[in-house]
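Hi everyone, thanks for making time.

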Amino acid sequence: MAAGRQLIAGNWKMNGLKADGLGLARDIAARARAGTPACDLLVCPPATLIAAVGEVIAGSGVALGGQNCHAAEKGAHTGDVSAEMLKDAGCGYVIVGHSERRQNCGETDAVVNGKVAAAWRAGLVAILCVGETRAEREAGRAKDVVSGQLRGSLPEGADSARVVIAYEPVWAIGTGLTPTLADIEEIHRAIRAAIPSGARILYGGSVNPKNAAEILGLDGVDGALVGGASLKAEDFWAIAQACG
Ligand code: PEP
């Protein structure tokens with residue numbers, strides 16, 4: 001992945017059986033092979049498809065990531081996947097601390113901190129998600145919440161080669177709502193001040209082909225973490241085309 005380029009990451013979440021997941025991966029890989037994307041591309045399929053998607057995208061320049069990992073390397077953790085297993089399956093990245101896991105699985109900053117450390121131990125880049133709820137934004141606490149999440153979730157020793165931050169306001173995920181451009185810039189500035197220089201800061205939350213250019217054109221936005229729109233190759237590609 002080239003330094004200084006924006007990163008467009010697709011979080012497929014719990015979507016995709018073999019036929020549609022591999023079809024999507026094939027379509028994205030074909031576009032990446034045929035064109036010259038002005039950004040780095042990453043897809044994060046569900047765990048069941050990681051290895052097969054890795055084969056499909058091999059040589060296309062599209063990187064592979066997991067959506068979560070356990071803090072431990074191995075052991076009695078039924079149903080979990082370790083960072084080492086993701087690395088072994090071909091991943092270079094793992095998303096940690098997504099708000100759906102913080103909310104649905106009770107992941108605290110301390111738990112997320114352990115997962116970032118596990119990602120680094122395995123040689124993966126951690127994409128650490130932070131973001132405020134609607135109530136926190138309305139209470140004027142967005143910056144404080146994000147700063148607190150960074151302090152709690154980012155272990156000592158972070159450097160730009162091993163961490164990407166994704167600012168994802170919880171209320172913007174999957175809702176079609178986005179913060180104002182000024183609000184995105186303000187939070188990205190606050191994050192920038194708190195993390196190692198050079199680390200990429202992505203925006204995530206209802207990015208689509210229509211709003212991608214204005215969001216990706218903002219100062220301090222180094223790419224996007226894309227959920228719903230990453231499930232259609234055409235839309236994912238259109239967002240990538242809005243880079244640079
Ligand atoms: C996400 O879940 O990381 C996300 C950004 O979702 P969406 O693009 O669908 O809002």
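This is a predicted model: local features need pLDDT of at least 70, side-chain atom pairs count only at pLDDT 80 or more; totals for chains, interfaces and linings use all residues.

Is Pro209 buried, exposed or partly exposed? Its relative accessibility is 35%, so Pro209 counts as partly exposed. Leaving aside neighbours within four places in sequence, Pro209 is in contact with Asp235, Ala238 and Ile239. Take Asp235: Pro209 and Asp235 are 26 residues apart along the chain, yet their C-alpha atoms are separated by 5.9 Å.

Val207 lies in the loop between S7 and H9 as well. With a relative accessible area of 6%, Val207 is buried. What does Val207 touch, if we don't count residues up to four places away in sequence? The answer is Ala212, Ile215, Ala224, Val226, Ala229 and Ile239.

Ser206 counts as buried, at 17% relative accessibility. There is something else to notice about its backbone. Most residues other than glycine have a negative phi. Ser206, though, has a positive phi, near 60°, and it is a residue other than glycine. Lys13 is another case: its phi is positive at about 55°, although Lys13 is not a glycine. You'll find Lys13 in the loop between strand S1, residues 7-11, and helix H1.

Now come with me to strand S8, residues 223-226, where Leu225 is found. Leu225 counts as buried, at 2% relative accessibility. Setting aside neighbours within four places in sequence, the contacts of Leu225 include Ala9, Asn11, Ile95, Cys129, Ala166 and Glu168. Leu202, Tyr203, Gly204 and Gly205 are also among the contacts of Leu225. As for Ala166, its C-alpha atom and that of Leu225 are separated by 6.7 Å, while the two residues are 59 apart along the chain.

In soluble globular proteins, nonpolar side chains tend to be buried together. Here, how many residues does the largest nonpolar core have? It has 65, and the residues with the most contacts inside it are Ile8, Leu41, Val43, Val53, Leu128 and Ile191. There is also a second, separate core of 14 residues, which includes Ala63, Ile127, Cys129 and Ala166.

On to the helices. Two packed helices are described by the angle between their axes and the distance between the axes.

First up, helix H7, residues 142-153, and helix H8, residues 181-194: they pack at an angle of about 30°, with their axes 10 Å apart. H7 and H8 are therefore roughly parallel to each other. H7 passes H8 in a right-handed crossing. On the H7 side, the contact uses Ala142, Lys143, Val146 and Leu150, and these meet Glu186, Ile187, Ala190, Ile191 and Ala194 in H8. By class, that contact has seven nonpolar, no polar and two charged residues.

H7 has another partner, helix H5, residues 109-122. The axes of H5 and H7 come within 7 Å and cross at roughly 50°. H5 and H7 are therefore oblique to each other. Which residues make the contact? From H5 there are Asp109, Ala110, Val112, Asn113 and Val116, and from H7 there are Gly148, Gln149, Gly152 and Ser153. They divide into three nonpolar, five polar and one charged.

The last pair is helix H1, residues 18-34, with helix H10, residues 233-241; their axes come within 9 Å and cross at roughly 35°. This crossing is right-handed. H1 brings Leu24, Asp27, Ile28, Arg31 and Ala32, and H10 brings Ala233, Glu234, Phe236 and Trp237. Six of the contact residues are nonpolar, none are polar and three are charged.

Terms used
Residues are numbered from 1 along each chain as its sequence is written. Side-chain values use heavy atoms; hydrogens and water are left out. Axes are lines fitted to C-alpha atoms, for helices over the stretch in contact, and angles run from 0 to 180 degrees between N-to-C directions. Helices (H or I, at least four residues) and strands (E, at least two) are DSSP runs, numbered from the N terminus. Angles under 35 degrees count as roughly parallel, over 145 as roughly antiparallel, 65 to 115 as roughly perpendicular and the rest as oblique. A crossing is left-handed if the near helix is turned anticlockwise from the far one by less than a right angle, and right-handed if clockwise. Contact means heavy atoms within 4.5 Å. Ala, Val, Leu, Ile, Met, Phe, Trp, Tyr, Cys and Pro count as nonpolar, Asp, Glu, Lys and Arg as charged, and the others, Gly among them, as polar. A nonpolar core is a set of buried Ala, Val, Leu, Ile, Met, Phe, Trp, Tyr and Cys residues joined through side-chain atoms within 4.5 Å. Buried means under 20% relative accessible area, exposed over 50%, partly exposed in between (1.4 Å probe, protein chains only).
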